[in-house]
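Biologist: I have the structure open and some questions about it. Can we start with the charges?

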Amino acid sequence: MRGAGCTINDLWDRNLDPYVARTKLRPLARRAITPFQGLTFTGFQLLAGLGVLLQFPTSCLYYGIPSLLLVSTYPLAKRVTHYPQFVLGLAFSWGAFMGFPALGVDLLSAGTAAKAVAALYTSCVSWTVLYDMIYAHMDIKDDAKVGIKSIALRHEKETKTVLSGLAVVQTTLLAAAGTFLGASPIFLVGTSASTAATLGLMIWKVKLKDASSCWWWFKYGAWFTGGGISLSLLAEYITQGNQSPSDVEIPLSAWREFIS
């Protein structure tokens with residue numbers, strides 16, 4: 001689905017990309033392929049995504065298919081609002097909804113799970129906006145000339161303040177999601193500390209006027225933050241074993257079975 005989203009974006013922007021240095025060599029922008037070929041490729045990508053989705057319980061279809069609306073409309077957002085990164089975050093973070101129905105948990109009836117999903121989803125949206133705001137600084141001059149809107153253009157002078165606010169939201173809500181699910185201090189402290197440290201380092205070190213610096217932190221920064229979160233999850237998995245927290249609606253054994 002991520003790939004389909006990128007192709008759809010390129011289809012919408014095929015007449016704008018030639019005027020942006022970073023995107024002018026994309027296949028559709030340089031006319032290496034036709035829009036029809038792009039649409040055909042998108043169809044195969046969507047079919048592949050559907051094939052994966054069908055491996056999960058039927059309820060996952062009800063949660064997964066609506067994401068197509070966000071995926072297909074994100075490119076339009078940059079034409080009407082300075083916050084297309086928010087729409088991108090809504091689309092790319094949709095996986096936060098999928099884990100629970102994949103385990104057979106009905107989000108409409110499981111109160112704790114619904115709270116955890118809301119916190120996790122919003123945390124992921126904040127993370128996406130944060131990284132894509134740095135990414136948008138690479139194109140800020142070209143975007144202004146072409147008429148493409150972005151959060152980087154809207155908040156160019158206070159970007160690092162906005163980034164810091166997004167980092168606080170992401171870190172806080174990620175910890176909240178773990179709290180709702182009864183995660184141990186190992187996960188809560190591990191994710192909070194690693195996320196705050198890695199995002200803080202990135203915000204401090206990135207040079208927003210330097211496209212190469214923005215690209216480096218966009219490309220590798222997620223590995224630092226995501227690596228810390230993954231290690232915290234692994235530590236939680238190892239230390240808790242088969243014990244199920246009494247106040248969690250989703251047995252840990254279910255998570256272990258899903259991961260295995």
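Biologist: How many positive and negative side chains does the protein have?
Modeller: There are 21 positive and 15 negative side chains in the protein, and the centres of the two sets lie 10 Å apart. Lys and Arg are counted as positive, Asp and Glu as negative, and His and the chain ends are left out. Each charge is placed at NZ of Lys, CZ of Arg, CG of Asp or CD of Glu.

Biologist: What sort of model is this, and how are residues numbered?
Modeller: It is a predicted model, in which local features need pLDDT of at least 70 and side-chain atom pairs count only at pLDDT 80 or more, while totals for chains, interfaces and linings use all residues. Residues are numbered from 1 along each chain as its sequence is written, and side-chain values use heavy atoms, with hydrogens and water left out.

Biologist: Fine. How many helices and strands are there?
Modeller: The protein has 13 helices and zero strands. Both are DSSP runs numbered from the N terminus: helices are H or I with at least four residues, strands are E with at least two.

Biologist: How compact is the protein?
Modeller: Its radius of gyration is 20 Å, close to the 18 Å that the globule rule gives for 260 residues, so the protein is as compact as a globular protein of that length. The radius is taken over C-alpha atoms, and the rule is 2.2 Å times the number of residues to the power 0.38. Along the principal axes, the C-alpha trace spans about 55 × 40 × 25 Å.

Biologist: What share of the residues is buried?
Modeller: Of the 260 residues, 43% count as buried. Buried means under 20% relative accessible area, exposed means over 50%, and partly exposed is in between, with a 1.4 Å probe and protein chains only.

Biologist: And the surface, what supplies it?
Modeller: The protein exposes about 13,800 Å², and carbon and sulfur atoms supply 67% of that. The areas come from the Shrake-Rupley method with a 1.4 Å probe; for residues, only the protein chains shown count as cover.

Biologist: Where is Thr 23 found?
Modeller: Thr 23 sits in the loop between helix H1 (2–12) and helix H2 (35–53). Its relative accessibility is 2%, so it counts as buried. Setting aside residues up to four places away in sequence, Thr 23 touches Asp 17 and Ala 29, where contact means heavy atoms within 4.5 Å.

Biologist: Is Arg 31 buried or exposed?
Modeller: Arg 31 counts as exposed, with 53% relative accessibility. Its place is also the loop between H1 and H2, and its phi is near 65 degrees, a positive value in a residue other than glycine.

Biologist: Change of topic. What does Gly 178 contact?
Modeller: Leaving aside neighbours within four places in sequence, Gly 178 is in contact with Ala 183, Phe 187 and Leu 188. Gly 178 lies in helix H10 and is buried, with a relative accessible area of 6%.

Biologist: Last one: where does Ser 184 lie?
Modeller: Ser 184 is in the loop between helix H10 (159–180) and helix H11 (185–205). Ser 184 is buried at 15% relative accessible area, and touches Glu 236 and Gln 240, not counting residues up to four places away in sequence.
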